[in-house]
Amino acid sequence: MVFSMQIIKYRWEKFRPMLIVNNGSTGKMPLFDAELNMAIGKKRCIGSFVKGNYQQCPHNREITYGNYCNECRLNDDFFLCVQCDGSDCKNQKRRGECEEEQYFIYLAAFDSLLKVGISLDRRIMERLVEQGADFGAKVAVVKDGKTVRQIEQKIKQDLNLPDRVLGEEKYERLFCNPNNAAVAIYKTILRLRALIPEYTIYPEIFDMRKYYKLQNVAIKPRHTEISDGMQLNGKVIAAKGNIVVLQDDKGFQAINAHRLIGREIEMC
């Protein structure tokens, strides 16, 4: 039997990766240990989330970049917040709520590569695992989303730390040397204490590697790019952030699950 649907999200839930799909109604597709036999189709707008409710794209627009058409992008509750750099508020309907929230500034280590990021205090662990960090460190606490974005940008510029790590870079650093991560975090914390002493806290450091099941992957997997018309087959044996590892009759392959978002698929 063939099931047709669209992938509208990839996320981690209770420390397990899953696809959120829509075939008239939304559902979840857990990935760990799943046997995939998936035909990849066109990429279309995923619609929008308004007041917590999912709305399909009214025009089912085909797109080539990103996840939204322009209409749904502007309709979505949080898209404008994701673009925020603290210079001005682009999403005034959430400004009051944002002012009262408490945020952590964190460091995420991908082997020796560090990125700076922010998270609501209640989501810090989920944020680290969905990014695929080997280690994470809570380093500062700030009230108000606009203020925390400004500080994040200051850290990015003054310490030359990225605030985004691309899937290709995560794939190259799939396996971690923990000593590299520890040294990078320690050195950066010392610099942060000098840069933002009024916000810096005694850091909490988390080892995230236990969630990814990379002990199942004997060698570095080959990289597979998602494209129209391809067939994706194999058993999901590990996932690290958005990098999902499957085992098939040729060995191990890794895909960037974010490239599945928006895709129409057929499952056999």
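A residue is called buried when its relative accessible area is under 20%, exposed when that area is over 50%, and partly exposed in between, as found with a 1.4 Å probe on protein chains only. The structure described here is a predicted model, in which local features need pLDDT of at least 70 and side-chain atom pairs count only at pLDDT 80 or more, while totals for chains, interfaces and linings use all residues. Residues are numbered from 1 along each chain as its sequence is written, and side-chain values use heavy atoms, with hydrogens and water left out.

Strands (E, at least two residues) and helices (H or I, at least four) are DSSP runs, numbered from the N terminus. With a relative accessibility of 8%, N256 counts as buried. The side chain of N256 reaches the backbone nitrogen of H258 at 3.0 Å. This is judged as a polar contact, a pair of N or O atoms within 3.5 Å; within protein, one atom must be able to donate a hydrogen and the other to accept it, and residues adjacent in sequence count only if both atoms are side-chain atoms. When residues up to four places away in sequence are not counted, N256 touches G167, I226, N242 and I243, contact meaning heavy atoms within 4.5 Å.

V217 is placed in the loop between β10 (200-207) and β11. Its contacts, leaving aside neighbours within four places in sequence, are F175, I237, A238, V245 and F252. V217 and V245 are 28 residues apart along the chain, and their C-alpha atoms are separated by 8.0 Å.

Charged side chains come next. The structure holds 22 salt bridges, each a side-chain nitrogen of Lys or Arg within 4 Å of a carboxyl oxygen of Asp or Glu. One of them joins E225 and R259, at 2.6 Å from N to O. E225 lies in the loop between β11 (222-223) and β12 (231-240), and R259 in the loop between β14 (251-256) and β15 (263-267), so the pair ties together parts that are 34 residues apart in sequence. E225 is partly exposed at 39% relative accessibility, and R259 is partly exposed at 32%. Elsewhere, salt bridges that share partners join R11, E13 and K28 into one network.

Another pair, E130 and R127, lies within helix α4 (residues 124-131), with 3 residues, about one turn of the helix, between the positions. The closest N and O atoms of this salt bridge are 2.8 Å apart. E130 counts as buried at 18% relative accessibility, whereas R127 counts as partly exposed at 26%. The buried residues of α4 are I124, L128, V129, E130 and Q131. Just after the helix, G132 takes a positive phi of about 80 degrees. A further salt bridge links K156 with D163, the closest N and O atoms being 3.5 Å apart. Here K156 is partly exposed at 30%, and D163 is buried at 15%.

Finally, the second largest pocket is lined by M5, Q6, N22, R44, C45, I46, G47, Y54, Q56, C57, N60 and E264. A pocket is an open set of points on a 1 Å grid over the protein atoms alone, where a 1.4 Å probe fits, with protein on both sides within 12 Å along at least five of seven lines; lining residues have an atom within 4 Å of a point.
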